[in-house]
Amino acid sequence: MDVPLPQRKIIHVDMDAFYAAVEQRDFPQYRGLPVVVGGAPDSRGVVSTASYEARRFGIRSAMPAAHAYRLCPEAVFLRPRFEAYREASRQVREILLRYTGLVEFLSLDEAFLDVSGCSQFQGSATLIAQDIKQRVREITGLTVSAGVSYNKFLAKIASDLEKPDGLCLITPKQAPGFIEKLPIGRFHGVGKATEARMAALGIATGGDLRAWDRDQLVRRFGKAGHGYYLMARGIDERPVVADRARKSLGAELTFASDSTDLARLLAQLRELAEQVLAELGAKGLQARTLTVKIKYGDFTSIGRSKTMRRAFGSGAELLPHLDELLEKTEAGSRPVRLVGVTLSGLEEVEVDGEAKQRDLFG
Ligand code: TTP
Ligand code: MG
C-alpha cells in the first residue's frame, strides 16, 4: 500500500551570472557593461560565464571565447579569479546553513535546501527564500535567484524562471501546467544525447512525455525511463543530501569531436580540476583521492586514480598528478570522447571551529 508522503518544501538557489557578477561587484567600472569571464578571446579558451549585458549579444557559457569576441568585440574579457568566487561561495554557504543543515551544494553558485522542518517565518518557504535573497545581497553584494516548490526538479526549474534576482514558486496545483510546456532538455537527467533520442520519438515537451506509459519508457531508456515517467507527473522523490554524507565530487566534459591531442586533453583536465577544487573549497572539504576518467571514441571508459598520503584542497598539490594519470591511459594514441576528474576520500576542513559551528546549525 502506498502511504502518501508529507509534502516537502524545497528551495533551489542559484547566483546570477555568478563569476561576472563578482567581477562587476569588485570592479565598479565594469558595471552595466558586457563582461565575459573565461579564456582570452585570442586563445582556444571558452566562456565561463557572461554578464546579462553580454548575454544580449548572444554570448553564453561554454562558447569559444573567440566566438564571443566576434559577437561583441567591445565586451570586457576577464580571466577568472577563482579565489574571489570561492570566498563569495563560502559566504553564501554560511548564510544558507543558518536556515537548515539540510543544504546540498551542487556547485560554487547553486544549492538545494529542504526547509520542510524549518519553523522560521511560520514555515513559509517563500518567505525564507526572500530572507535568503536579502541576506545574500547584504553580506556578499550579489544577487541570487530562488525557486520554491515541493521537489528538487520543480524548485530548480522555478529558480530559472525569473532570473536575474528572481523568486518564483511552483505550487502542486501549478505544476502540471509548467511541466506540460517544459522543453524536454530541461528535465533532470536529460542531456543532449537523450534530448536527441527523445526528439526522434516525437517527444519535445513534458506534455509529449506524459503521453508515454511507464513500460515503454523503461524499454527505451532503462531505469532512467522510470524517472522520466514520474517527472512528467510532477513526482521527484530525490532527497536533499547534506554534504557531510557526500562520497565524491566530479566534473566531466564531452568534446564536440574526438581528440588525440594530449596537450588539449591535459588543458581540459586542468580546467575541470580547477572547477572541482573550487566546488570542494566551497563545501569546506578536502580530498585524498584523485581520479582521471577517460571515455574513448568507442564509448569504453577507464579511470586512473591516485590516493595521496595527506588530504589536499588546492591545485598546487593536485595539478602535477593529472599529467601522470593521463599518461597511464591510451589517450594520445586512441581518440578520446570525454575527460573527467573526480575527487573522493572527502573530509571536512577544520578551520576556526567552522565544522563544529555547522554541526550546531545541523
Ligand atoms: P551558472 O549558474 O550556470 O551560470 P551563471 O551563474 O553565470 O548565470 P545564471 O545562473 O544567472 O544563468 O554557472 C555558475 C558559474 O559556473 C558561472 O558563473 C561560471 C561557471 N561556469 C563555467 O565555468 N562553465 C560553464 O559552462 C558554466 C555553465 C558555468
Ligand atoms: Mg548561476
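Colleague: Which strands form the five-strand open sheet, and in what order?
Modeller: This is a predicted model, and in it the five strands run in the order β5-β6-β1-β7-β8, with mixed pairing.
Colleague: Which are the edge strands there?
Modeller: β5 (103-107) and β8 are the edge strands, and each of them pairs on one side only.
Colleague: And how much are neighbouring strands of this sheet turned against each other?
Modeller: On average by 15°, ignoring direction.
Colleague: How do β7 and β8 run, and how many bridges join them?
Modeller: They run parallel, and three bridges join β7 (residues 144-149) to β8. If you want a pair to click on, A146 has L167 in β8 as its bridge partner.
Colleague: Nice. Which strands does α6 lie across?
Modeller: α6 lies across β1, β5, β6 (110-114), β7 and β8. Its direction is at about 140° to that of β7.
Colleague: Switching to the ligand, then. What does the side chain of K163 do around ligand 1?
Modeller: An N or O atom in the side chain of K163 is 3.0 Å from an oxygen atom of ligand 1.
Colleague: What about D14 and A17?
Modeller: D14 has a polar side-chain atom 3.0 Å from a ligand 1 oxygen. For A17 the polar atom belongs to the backbone, and the distance to an oxygen of ligand 1 is 2.8 Å.
Colleague: How much of ligand 1 does the protein cover?
Modeller: The protein covers 71% of the 560 Å² of accessible area that ligand 1 has on its own.
Colleague: Which residues come nearest to ligand 1?
Modeller: Of the 14 residues around the ligand, A17, T49, Y52, R55 and D109 come nearest. By class, the shell has six nonpolar, three polar and five charged residues.
Colleague: Which elements supply at least two residues of that shell each?
Modeller: Those are β1 (10-15), α1 (18-26), β3 (47-50) and α2 (52-55).
Colleague: OK, β3 next. Which sheet is β3 in?
Modeller: β3 belongs to an open sheet of three strands, ordered β3-β2-β4, and the pairing is mixed.
Colleague: Why is one side of β3 left without a neighbour in the sheet?
Modeller: Because β3 stands at an edge with a single partner strand, and β4 (76-78) does likewise. Neighbouring strands of this sheet are turned by 25° against each other on average, direction ignored.
Colleague: In which sense do β2 and β4 pair?
Modeller: β2 (residues 35-38) pairs with β4 in the parallel sense, over three bridges. V36 has F77 as its bridge partner in β4.
Colleague: And where does α1 lie?
Modeller: α1 lies across β2, β3 and β4, and runs at about 120° to β2.
Colleague: I'm checking backbone torsions too. What is phi of A62, and where does A62 lie?
Modeller: Phi of A62 is near 75°, a positive value in a residue other than glycine. A62 is in the loop between α2 and α3 (65-71).
Colleague: Last one: what do β10 and β11 form?
Modeller: They form a hairpin with four residues between them, and F299 in the turn has a positive phi of about 75°. β10 (residues 285-296) and β11 (residues 301-312) pair in the antiparallel sense over eight bridges. T307 in β11 is the bridge partner of T289.
Colleague: Great, thanks!

Key. Residues numbered from 1 in each chain as written. Chains lettered and ligands numbered in written order. Predicted model: local features only at pLDDT ≥ 70, side-chain atom pairs only at ≥ 80, totals over all residues. Heavy atoms only, no water. Near = heavy atom within 4 Å. Polar contact = N/O pair within 3.5 Å; in protein donor to acceptor, adjacent residues only side chain to side chain. Areas by Shrake-Rupley, 256 points an atom, 1.4 Å probe, with all protein chains shown as cover. Nonpolar A, V, L, I, M, F, W, Y, C, P; charged D, E, K, R; others polar. Pairing = 2+ DSSP bridges. Axes fitted to C-alpha atoms, helices over the stretch in contact; angles between N-to-C directions. Contact = heavy atoms within 4.5 Å.
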